[in-house]
Amino acid sequence: MKILVPIQLVPDLVEELVIAQDGKRLDLDATRWIISEFDDHAIEQAILLKEKIGGEVTVIAPDFEGTEDVLYQALAKGADQVVKLSGDFQSELNTHALARLVVHYLQTKSERPDLILTGVQANSSLDGSLGPLLAAYLDLPFVDCVAQTEIEDQKITVRKEYPGGLTADWSVALPVVLGIQAANTPPRYVPISKMRLAMKTGSIATEEVGELDLSGAVDSTRMYTPEADQRAQMIDGDVDQVAEKLVALFKELGVL
Amino acid sequence: MSQDIYVFIEHVCGKTLDISYMMLAQAQQLAAASGGEVVAILLGHNVAGLASDLGADTVWYVDHPELEDFIWANSLAVLEALLARQSPRLVLFGDTTIGSGLASGLSARLGLPLVGYCRQVFPNGGHFHYISQICGGKMLVEGALPDSTALIAMIPGAFRIEQGKSDEKHSATPVPLDGLDEILARNAQKYIFKGYTEPAAGDVDITREKILVSVGRGIQSEDNLSLAQDLADALEGAVSGSRPIIDQSWLPTSRLVGKSGKTVKPKVYLALGISGAPEHTEAITGADAIIAVNTDPSAPIFNLAKYGVQLDLLDLLPVLTDRVRAEK
């Protein structure tokens, strides 16, 4: 079983987000890039499947600040190969362009993966999701929002989530692309010793990419932080003072 | 190209999903500006009745047994065939577990531009502009849509459900599927439906609780959940959580508040360490009062909450719980 996990780096939302001078996009240099949490689940699911039935997991990512750490981490978790797509992404890499790069990468390989796992969404993608774009370009079946994945006899059984907590189970023929919402178990923790070992013994393959085809997205003219219609009334003070005020508020709201 | 606005109607288990009505409300506004019509596109099997309350000028209905349960490849094939013959101004999808993947797939197949996480489209000087909410709701992006056909994946927020409903009792206009039988049958062989599972009732029905102590990533570890549980017990409420907490298996799915979980309307919703991504906030707007506790002053949750506290919830919770207990 060959599993490909194309991943994306997204802005770390815990850090302050800085808008670039042109006022249209994020300042890429001032942004801390981390693996999209759903891609982290996709890697975990790939490793879980490999541990169950064997096979080979390849993780592929565009070269951003932080990509190498993410790829070494994937190696430490159990990925067999990690690939960095190297190119000039500073101008902007959108999801359509990334999907085309992954398709191009696959076209240069003699073997196609049986399974492509991608995170269900990326928080900064304005032009759709990687999974369905790949499935449409490669003419493969696709299931989105997958929260559980089992495999038996060349058939994958997945649990797809719908709004409101409803789920549906589907058995899907391979090869298939899955948009992973959650792995069967949470992404594993990588001890620093394993990470060091991966950095020492593992290697990252680099694939140079040509010119980007950004079509499929729509240009932005302005990026800004939301101006709230209403802003929360802040309850100030130290922990004791705030606790006292909240108790008074609970009483006022009729819940205490 | 026509000036019509198409809306892909989402439905599951015979019920139209709320996002469909919200999109129809958006489409009505845009069609009034463009001079086109609102066309609802309904795919399924034996669901013509769903057309009746849709706020559209026309409801096109494609009925086929292979469209009974949502199969991405089949809905994609039908839409692809439909849009190969028609060129509307816009096609609206929900940025949901159904519509999001379809919009992306269609964009790839037909080479049409796509805007996701879209909160609103509005007319501006003869063109349409979009506003999208990205980075977990922390940033808004605005731009002009091309004057050719574009695809939009919409998030809830700007329109109400009632605005997209109609009392006129529409009937569905059947659309023949010329030549698609084979494709649908072939796709269906690749997807075998095993069945739906209703959301687990769980130990607690969070949609009925008056007080929800809801935790997000700020709770940091599973061990800290007991702090939230203590406060919920003291307030006679229940603990719920946002997506990352459920994905870590720290709380069962029955406690999930958000897009793929429950929509809740408690008297008090305590959002502890929840940043306020649109996928979460769309499910809590019906709460009487939202009290948000977060160390990040720029967390979008403060734009929705009625009251805010900028403190570390791990410091606040034990003290608050003691105070609440002392009141009883």
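Buried means under 20% relative accessible area, exposed means over 50%, and partly exposed lies in between (1.4 Å probe, protein chains only). The structure is a predicted model, in which local features need pLDDT of at least 70 and side-chain atom pairs count only at pLDDT 80 or more, while totals for chains, interfaces and linings use all residues. Residues are numbered from 1 along each chain as its sequence is written, chains are lettered from A and ligands numbered from 1 in the order in which they are written, and side-chain values use heavy atoms, with hydrogens and water left out.

**View 1. The buried residues of helix H5 of chain B and what covers them.** Helices (H or I, at least four residues) and strands (E, at least two) are DSSP runs, numbered from the N terminus. In helix H5 of chain B, which spans residues 225-235, the buried residues are B:Leu225, B:Ala228, B:Leu231, B:Ala232, B:Ala234 and B:Leu235. The elements that cover these residues, where contact means heavy atoms within 4.5 Å, include helix H6 (239-252) of chain A, and from chain B strand S13 (211-215), strand S14 (238-241), strand S15 (268-272) and helix H8 (313-326). Just after H5(B), B:Glu236 takes a positive phi of about 60°.

**View 2. Packing of helices H2 and H5 of chain A.** Axes are lines fitted to C-alpha atoms, for helices over the stretch in contact, and angles run from 0 to 180 degrees between N-to-C directions. Helix H2 (residues 67-77) and helix H5 (residues 192-201) of chain A pack at an angle of about 105°, with their axes 8 Å apart. H2(A) and H5(A) are therefore roughly perpendicular to each other, since angles under 35 degrees count as roughly parallel, over 145 as roughly antiparallel, 65 to 115 as roughly perpendicular and the rest as oblique. From H2(A), the residues A:Asp69, A:Tyr72, A:Gln73, A:Leu75 and A:Ala76 meet A:Lys194, A:Met195, A:Ala198 and A:Met199 of H5(A).

**View 3. The interface of chain A and chain B.** Each chain brings residues to the contact, 86 from chain A and 86 from chain B. Buried area is the accessible area (1.4 Å probe) that two parts lose on being put together, summed over both, and between chain A and chain B it is about 7400 Å², of which carbon and sulfur atoms give 61%. In chain A, the residues that lose the most area to chain B are A:Leu126, A:Trp170 and A:Val218, together 9% of what that side buries. A salt bridge is a side-chain nitrogen of Lys or Arg within 4 Å of a carboxyl oxygen of Asp or Glu, and the rule finds seven of them across this interface. B:Arg109 and A:Asp139 meet through their side chains in a salt bridge (3.1 Å, N to O).

**View 4. Salt bridges within the chains.** Over all chains, a search of the whole structure finds 31 salt bridges. In one of them, the side chains of A:Glu150 and A:Lys52 meet at 3.8 Å, N to O. This pair links distant parts of the chain, with A:Glu150 in strand S7 (residues 142-152) and A:Lys52 in helix H1 (residues 37-53) of chain A, 98 residues apart. A:Glu150 counts as partly exposed at 33% relative accessibility, whereas A:Lys52 is exposed, with a relative accessible area of 53%. In helix H4 (residues 181-190) of chain B, B:Arg186 and B:Glu182 lie four residues apart, about one turn of the helix, and form a salt bridge whose closest N and O atoms are 3.9 Å apart.
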